[in-house]
Amino acid sequence: MDIRVSDDEATAAERTAVDRVYSVTHRSSHTSIGGVASMLERRPLLLDGLWALQEASGAITRGGLNYLCIRLGVPPAEAYGVASAYSLFSFDEPVETVTHVCDDIACRASQGHDPAGGWQPTAQARTVWHRSPCLGHCEFGTAAMVQTSGEHASRHTVAPCINENMLTCAADGGRGPALSHQPLSELRLLRRIGRIDPDSLQAYTGVGGWRALRAAVSMGPERVVEEIRTAKLLGRGGAAFPTASKWDAVRSNTVHPHYLVCNADESEPGTFKDRILMEDDPFAIVEAMTIAGFATGSQRGYLYVRGEYPEAEARMRNAIRTAGEAGFLGPNVIGSGFQFDIEVRRGAGAYIAGEETALFNSIEGKRPEPRNKPPFPTQSGLFGKPTAANNVETLVNALDIMTDGGEAYGRVGTEQSTGTRLFCVSGRVTRPGLYELPMGARLLDLLALAGSPESGEIRAVLLGGAAGVFVSPHDLDIELSFEGARAAGVTLGSGVVIVFGMETDFSSVVRRIAAFFRDESCGQCVPCRVGTVRQEEMLTRLMEGSPIESLQPELATYRELSLAMKDASICGLGQTATSAIESALRLGLVPNVAVGP
Ligand SMILES: Cc1cc2nc3c(=O)[nH]c(=O)nc-3n(C[C@H](O)[C@H](O)[C@H](O)COP(=O)(O)O)c2cc1C
Ligand code: SF4
Ligand code: FES
């Protein structure tokens with residue numbers, strides 16, 4: 001790709017697609033095009049513009065990119081730099097249909113997993129398939145996302161992606177078979193899942209929807225934050241940060257405007273909880289975001305949803321639109337005088353975009369690369385303004401805190417970890433799916449609920465996903481709370497629990513984890529960019545029985561590498577990229593490598 005605007009022309013379809021993005025956003029209250037600041041103001045349209053091109057032509061063509069760059073005033077080299085950071089954008093020969101077939105660890109742990117289900121797309125013209133990292137449908141054991149371009153561009157999920165489903169779906173370009181979830185236990189967060197029509201505002205209102213928002217508005221922002229503090233709500237996105245501190249820091253910041261960001265990027269392999277919340281209870285997320293906006297003094301919220309979740313995105317867009325029409329969003333939320341709107345931004349296949357500051361960059365139309373902290377997002381976040389970024393599950397907890405009060409909420413769970421937690425259970429269990437348990441429940445009980453085999457048939461359980469830790473079948477009596485996980489030397493991360501049976505080929509699993517981090521590292525800092533490559537190389541040498549010198553020096557070098565990555569990487573990706581593999585080595589799961597504890 002050239003670094004200057006070339007002579008390549010956009011097709012009529014590409015021009016129309018780009019113009020549509022430009023004119024829709026031009027009408028939005030946030031972006032005013034024209035004037036000196038217009039180039040900066042147009043930059044946040046880049047991600048949507050790239051999606052428009054990808055969907056129009058099946059690839060980002062030179063002509064299309066030229067047109068987009070001229071329209072937005074963005075140098076082509078920069079736009080190319082942004083587009084190339086996302087795996088759902090292609091620069092190859094345009095194709096009509098691309099099928100992304102999950103090849104990741106939870107699907108590998110399921111019995112009989114066969115990437116692409118033996119499906120061969122040779123019969124269809126202009127069709128290709130790629131192996132994909134986790135698509136967030138791990139409870140089905142196999143999953144695919146079909147992305148079509150042209151006049152009727154679409155994305156849809158096929159799960160389970162068995163041969164029969166793939167053929168139907170790929171041939172007619174229609175929606176795949178309906179997804180059916182496993183029975184879900186119900187407590188707080190999952191109370192409405194499967195009970196009401198997720199597209200109906202009336203249905204949501206009928207089960208007590210918007211009571212929490214009314215309660216929040218009558219309390220006022222300070223008390224909302226106080227109730228969240230009393231509840232001791234900790235973030236569910238992985239870092240367990242106190243939500244009240246975050247909201248308070250934004251609320252009291254004198255710099256304006258303030259922003260709220262709902263992080264629905266959910267790309268940690270094995271995680272699918274936020275998808276289910278968005279697909280089956282979208283109004284709850286709209287209500288929770290509005291409460292967070294009210295508490296933090298934000299007039300605008302962004303929902304950043306991963307590009308691999310087309311059904312969740314559609315549900316959320318519908319909920320935002322209908323809630324706005326009914327006065328639950330907009331210039332005068334429920335007649336309170338509070339103004340709040342939500343914009344949806346679609347990711348495009350980059351795990352690192354889930355890191356909150358990388359996510360801000362992504363929304364701003366820059367490469368999704370994490371920023372150095374400090375400054376923290378509450379000081380300088382999205383567009384350099386005070387920003388509260390929260391995970392979907394974290395936000396949904398705010399609803400019960402508003403209606404029942406922080407004290408009542410805090411009675412569930414443990415002293416340090418209050419409330420309930422969602423767990424995404426997959427792999428060698430008979431009832432994979434999403435489970436909600438009070439904090440402090442035991443891992444063994446969760447496994448029993450999910451139909452795990454006897455411990456004699458389990459080779460290991462992975463907690464926390466690719467950035468997590470493998471646990472031996474002899475150490476499964478773990479308390480599922482933040483402090484319980486810390487005491488056991490594991491992490492709950494985003495609630496991933498993958499059960500691996502005795503038949504598991506761990507050489508393929510650990511290689512997949514190493515390849516995942518190598519692929520997903522944004523490359524910005526050396527310890528991670530180089531370290532993830534070296535980790536994969538060392539692992540290969542170790543498994544092939546050909547270490548440099550001998551086993552012990554190679555392992556010592558690996559430990560040093562891991563330490564350097566933990567200490568010197570800018571963000572959590574590099575800091576956790578060796579964690580699962582180190583634990584696999586400790587447990588003797590890696591073929592040809594026996595390591596002491
Ligand atoms: C590599 C990486 C990926 C992440 N992905 C996500 C994600 O997909 N969803 C999420 O909520 N948090 C993710 N996080 C954590 C966010 O940076 C941030 O801590 C979180 O969104 C804050 O929300 P919470 O306080 O409600 O947990 C990720 C962090 C890292 C380092
Ligand atoms: S640790 Fe890795 S992913 Fe994070 S900023 Fe550095 S290179 Fe990028
Ligand atoms: S969908 Fe395959 S690992 Fe998650």
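Four strands form an open sheet in the order β2-β1-β3-β4, and their pairing is mixed. At the edges lie β2 (127-132) and β4 (154-158), each pairing on one side only. Ignoring direction, neighbouring strands of this sheet are turned by 20° against each other on average. The model is predicted.

**Around the sheet**
- Strands of a sheet pair through backbone hydrogen bonds, either parallel or antiparallel.
- Strand β1 (residues 97-102) pairs with β2 in the parallel sense, over 6 bridges.
- C102 has its bridge partner in β2, namely S132.
- Helix α14 (residues 310-325) lies across β3 (144-148) and β4.
- The angle between α14 and β4 is about 120°.

**Helix α4**
- Is this helix mostly enclosed or open? Of the 11 residues of α4 (residues 62-72), 8 are buried, so the rest of the structure largely encloses this helix.
- Its buried residues are G63, G64, L65, N66, Y67, L68, C69 and L72.
- After α4 comes G73, with a positive phi near 70°.

**The whole chain**
- The chain has 24 helices and 15 strands.
- It has 597 residues, and 59% of them count as buried.
- Among contacts in the chain with a separation of 6 or more, 72% join residues 24 or more positions apart.
- The accessible surface of the chain comes to about 22,500 Å².
- Carbon and sulfur atoms account for 51% of that surface.

Note on methods:
Residues are numbered from 1 along each chain as its sequence is written. Chains are lettered from A and ligands numbered from 1 in the order in which they are written. This is a predicted model: local features need pLDDT of at least 70, side-chain atom pairs count only at pLDDT 80 or more; totals for chains, interfaces and linings use all residues. Side-chain values use heavy atoms; hydrogens and water are left out. Buried means under 20% relative accessible area, exposed over 50%, partly exposed in between (1.4 Å probe, protein chains only). Helices (H or I, at least four residues) and strands (E, at least two) are DSSP runs, numbered from the N terminus. Contact means heavy atoms within 4.5 Å. Accessible areas come from the Shrake-Rupley method with a 1.4 Å probe; for residues, only the protein chains shown count as cover. Two strands pair if DSSP finds at least two bridges between them. Axes are lines fitted to C-alpha atoms, for helices over the stretch in contact, and angles run from 0 to 180 degrees between N-to-C directions.
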